[in-house]
Amino acid sequence: MAHRKAFSLQRLWPTERPRLTPGDVWGGLAAMLVAFPAAIAFGVTVYGAVAPSYAAYGALAGIVGVVVMGLVASWLGGTERLISAPCAPAAAVLSAFAIQMVQRGDSPDLIVLMLVVIGMLAGLMQAGLGLIGLGGLIKYIPYPVVSGYLTGVGLIIIGSQIPRLLGAPDTLRWWEALRDPAIWDWRALAIGLMTALVATGAQRVTKKVPGIILGILAGLLAYGLFALFDPSLRVLPGNSLVIGSLAIAGDGFLSLLVTRWSGISHLGFGLIAGMLGVALTLAALLSIDTLKTCVVLDQLTRSRHEPNRELVGQGIANMGSNALGGLSGAGQMGATLVGLNSGSESRMAGVMAGVFALAAALLFSAFFAWIPVSTLAGILVVIGFRMIDRAPLQFLRARATVLDFGVVATVVAVALTSSLIAASAAGVALAMVLFVRAQIGSTAVRHKMLLRQSPSSWHRPEAELAILEARGDEAVIFELQGSLFFGNTYQLYTDLEKEISTRSYVIIDLRRVQSIDVTAAHLFNLIRDAIRERGAKLVLSGIQENHPRGRNLHEFLGLNGLWHARSTTVRQFPDLDAAIAWVEDRLLGEAEYSVDGEAPMLLQDMEIFARRKVETLQDLEACMDIRTYQAGDIIYAHGQPGDELYWVRRGSVRLMAQLPLGKRKSVASFGRGDFFGSLAFMDGQPRPNDAVAVTTTELYVLTRAKFNEVTAMHKQLAADLAYAMARTLALRLRRTESKLTMLQEY
């Protein structure tokens with residue numbers, strides 16, 4: 001299947017050479033201005049949870065994450081214009097893990113190393129998901145689950161930033177910080193509120209400069225005003241309001257890496273096994289966040305991303321980022337849209353975002369040390385509020401969607417009380433329950449008709465049509481659709497039960513059935529047994545043997561005991577038209593169709609030539625050719641000139657219409673005594689379809705030239721022949737019109 005198509009290692013390195021354009025440069029710069037400060041804020045959130053003194057390490061981790069994700073993920077990924085950087089889901093998962101480890105009493109250095117290992121394991125899992133072809137599964141995540149997940153992440157981010165926004169100790173939970181104003185630092189609160197207000201209201205004033213940048217500048221301005229009156233705010237050592245020195249340059253950065261990896265020997269098997277669950281959660285959320293952004297980007301640019309290649313690129317980038325002390329990341333919606341609006345044209349925009357981030361880190365590291373912690377908290381609170389999806393509130397307006405709102409609420413509740421991965425699992429499980437509930441209340445019956453309301457495409461004499469009209473209530477036709485499974489089999493049996501007990505023939509068309517489970521297969525066995533007790537017939541058509549989903553439905557029904565070698569109760573046909581024609585033959589009293597003992601039909605025996613003089617028919621037959629075709633032979637093809645008219649002496653012929661993608665569909669069938677090819681013969685247009693011999697077939701053929709000769713000799717015959725053809729065509733059209741009307745009523 002398409003979404004399970006595995007990623008090829010040969011496609012890891014892009015064969016195309018993206019050309020750097022001015023739009024990519026400006027788009028990358030604009031995206032960096034959004035992603036860079038947010039990444040620092042996410043890093044401070046994660047490492048600040050380890051210990052307040054590690055906030056600077058967190059800022060450095062965010063910067064490294066922006067650089068590596070921009071350079072590696074953009075180049076190796078499968079999405080043009082996508083900007084990758086540290087993100088909110090990573091901050092939510094990793095900060096929650098850090099808080100848990102702190103409460104357990106682990107040392108800060110060990111916790112930092114565990115965070116790095118979790119990020120690398122998550123990247124490895126992401127790359128693995130892409131290599132086995134699971135990238136396309138994002139499309140199957142229900143909207144209520146995604147909505148609840150986004151809202152849950154937003155609320156977690158807001159809750160984690162409230163203590164920092166208030167200037168309270170990071171060890172406190174948000175409700176503990178809120179209920180004790182005595183521990184608030186009013187300077188931090190003022191700086192954070194100024195940042196949040198400007199970041200939120202900036203879009204109403206200007207869209208040229210990202211609101212996040214203006215918010216940070218406002219926070220710095222507020223901090224500067226406080227520093228004018230408090231000399232302790234003019235120095236970094238001992239200043240709890242700012243991030244502090246990042247130690248990026250030269251030996252400082254290298255010493256941080258060496259220190260971080262020196263404790264790798266302390267990670268035993270038990271610790272690593274305990275981190276696998278967190279890593280899996282992180283990998284799943286980063287993948288969802290990235291591919292969700294890719295889907296939105298495709299809609300905006302009318303492009304198509306490669307989900308599996310994107311996951312491989314994201315996984316490698318996350319492994320590289322964490323190996324260098326950076327933070328995990330994903331494709332970022334906000335930064336991507338800013339870059340797109342600034343002119344991004346290719347993946348080079350993401351690469352340039354990484355280049356600009358590296359330049360900013362090297363040139364302005366001293367400036368970043370003075371960014372207030374509450375300013376970053378204010379930025380994250382704004383981001384958290386923007387992640388809250390308010391659209392599901394509309395679900396409360398209608399009873400039909402109240403349960404969908406319940407799914408959203410459940411995902412949010414589980415996310416806040418347990419974990420994000422548990423929330424996603426709970427949401428998917430509830431969505432599946434609601435789906436099964438909806439299917440149980442629906443019916444798999446697409447159409448239900450009596451045979452007289454939907455005759456076959458065989459063109460029969462008027463006498464036979466009268467018989468079928470009188471006996472047409474003895475057979476019923478059911479067209480099924482969708483998936484037949486345990487949830488809708490009871491309703492299906494209820495729909496079929498009355499007809500099973502009264503009709504001589506029950507025709508069930510399975511052409512539109514996509515799947516059948518064991519419960520539904522057992523239902524067909526019950527139907528067969530009930531019909532066999534009455535001596536009636538069960539006729540099945542359109543059973544898929546080469547279904548796109550890979551299941552052979554014919555074989556599956558056989559394995560469940562539907563077919564019996566000695567039983568004649570169940571008959572199978574490739575299509576519904578053939579099944580209806582077989583039942584019509586039974587109602588007309590005809591034997592099983594075979595051409596072996598069938599005598600060629602003469603002109604005087606055909607209904608269209610009834611009451612014609614023998615001499616006239618002899619002259620007509622003398623102008624005709626007699627041709628024989630084997631089963632499968634093409635009598636005429638679509639587009640050929642229509643200068644011949646045909647009568648069937650023996651055998652059968654089927655007209656096949658050409659459909660897109662090289663497919664064909666049967667539109668009419670003709671047996672002994674029928675004529676065909678009259679439309680093109682009468683209007684002079686090319687043939688509208690193909691005529692194919694179903695069995696060994698013998699035909700009378702009258703060319704236009706010979707028809708003109710007959711017209712000259714027997715003007716009355718020509719007029720009667722034209723009238724008879726027109727009348728027959730009118731009857732056929734009326735039958736077709738009645739059939740279409742019946743289909744529209746269901």
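Of the 746 residues of the protein chain, 51% count as buried. Buried means under 20% relative accessible area, exposed means over 50%, and partly exposed lies in between, with a 1.4 Å probe and protein chains only. The model is predicted: local features need pLDDT of at least 70, side-chain atom pairs count only at pLDDT 80 or more, and totals for chains, interfaces and linings use all residues. Residues are numbered from 1 along each chain as its sequence is written, and side-chain values use heavy atoms, with hydrogens and water left out.

The protein chain has 26 helices and 15 strands. These are DSSP runs numbered from the N terminus: helices are H or I with at least four residues, strands are E with at least two. Contact means heavy atoms within 4.5 Å. Among contacts in the protein chain with a separation of 6 or more, 81% come from residues 24 or more positions apart.

**The mixed sheet**

An open sheet is formed by 5 strands in the order β3-β4-β5-β6-β7, with mixed pairing. Two strands pair if DSSP finds at least two bridges between them. The edges are β3 (445–450) and β7 (570–573); each has a single partner strand, so one side of each is left without a neighbour in the sheet. Direction ignored, neighbouring strands of this sheet are turned by 20 degrees against each other on average. Axes are lines fitted to C-alpha atoms, for helices over the stretch in contact, and angles run from 0 to 180 degrees between N-to-C directions.

β3 pairs with strand β4 (residues 475–484) in the antiparallel sense, over 5 bridges. Leu 450 has Val 476 as its bridge partner in β4. Helix α19 (residues 489–500) packs on the sheet and touches β3, β4 and β5 (505–516). The direction of α19 makes about 165 degrees with that of β4. Helix α22 (residues 576–587) lies across β4, β5, β6 (537–541) and β7. α22 runs at about 170 degrees to β5.

**The antiparallel sheet**

Another open sheet has 4 strands in the order β9-β14-β11-β12, and its pairing is antiparallel. β9 and β12 are the edge strands, each pairing on one side only. From one strand to the next, the twist averages 35 degrees.

Strand β14 (residues 690–693) has two named partners. Strand β9 (residues 634–636) is joined to β14 by 2 bridges. Strand β11 (residues 653–658) pairs with β14 over 4 bridges. The table gives residues that stand opposite each other.

| Residue | Opposite residue in β14 |
|---|---|
| Ile 634 | Val 692 |
| Tyr 636 | Ala 691 |
| Arg 654 | Val 692 |

In a regular strand the side chains alternate between the two faces of the sheet. From β14, Asp 690 and Val 692 point one way, and Ala 691 and Ala 693 point the other way. All four are buried.

Ser 669 is found in strand β12 (residues 664–670). Is Ser 669 buried or exposed? Ser 669 counts as buried because its relative accessible area is 0%. The side chains of Ser 669 and Arg 654 are joined by a polar contact of 3.5 Å. A polar contact is a pair of N or O atoms within 3.5 Å; within protein, one must be able to donate a hydrogen and the other to accept it, and residues adjacent in sequence count only if both atoms are side-chain atoms. Not counting residues up to four places away in sequence, Ser 669 touches Ser 457, Trp 458, His 459, Asp 577, Val 653 and Arg 654.

**A helix pair**

Two packed helices are described by the angle between their axes and the distance between the axes. The axes of helix α5 (residues 143–166) and helix α16 (residues 402–417) come within 8 Å and cross at roughly 35 degrees. The residues of this contact divide into 11 nonpolar, 4 polar and 1 charged. Ala, Val, Leu, Ile, Met, Phe, Trp, Tyr, Cys and Pro count as nonpolar; Asp, Glu, Lys and Arg count as charged; the others, Gly among them, count as polar. The α5 side includes Tyr 149 and Leu 155, and the α16 side includes Asp 404 and Val 411.

**Trp 174**

Trp 174 is found in helix α6 (residues 174–178). Trp 174 counts as partly exposed because its relative accessibility is 41%. Leaving aside neighbours within four places in sequence, Trp 174 is in contact with Gly 159, Ile 162 and Pro 163. Trp 174 and Gln 161 are 13 residues apart in sequence and 7.9 Å apart in space, C-alpha to C-alpha.
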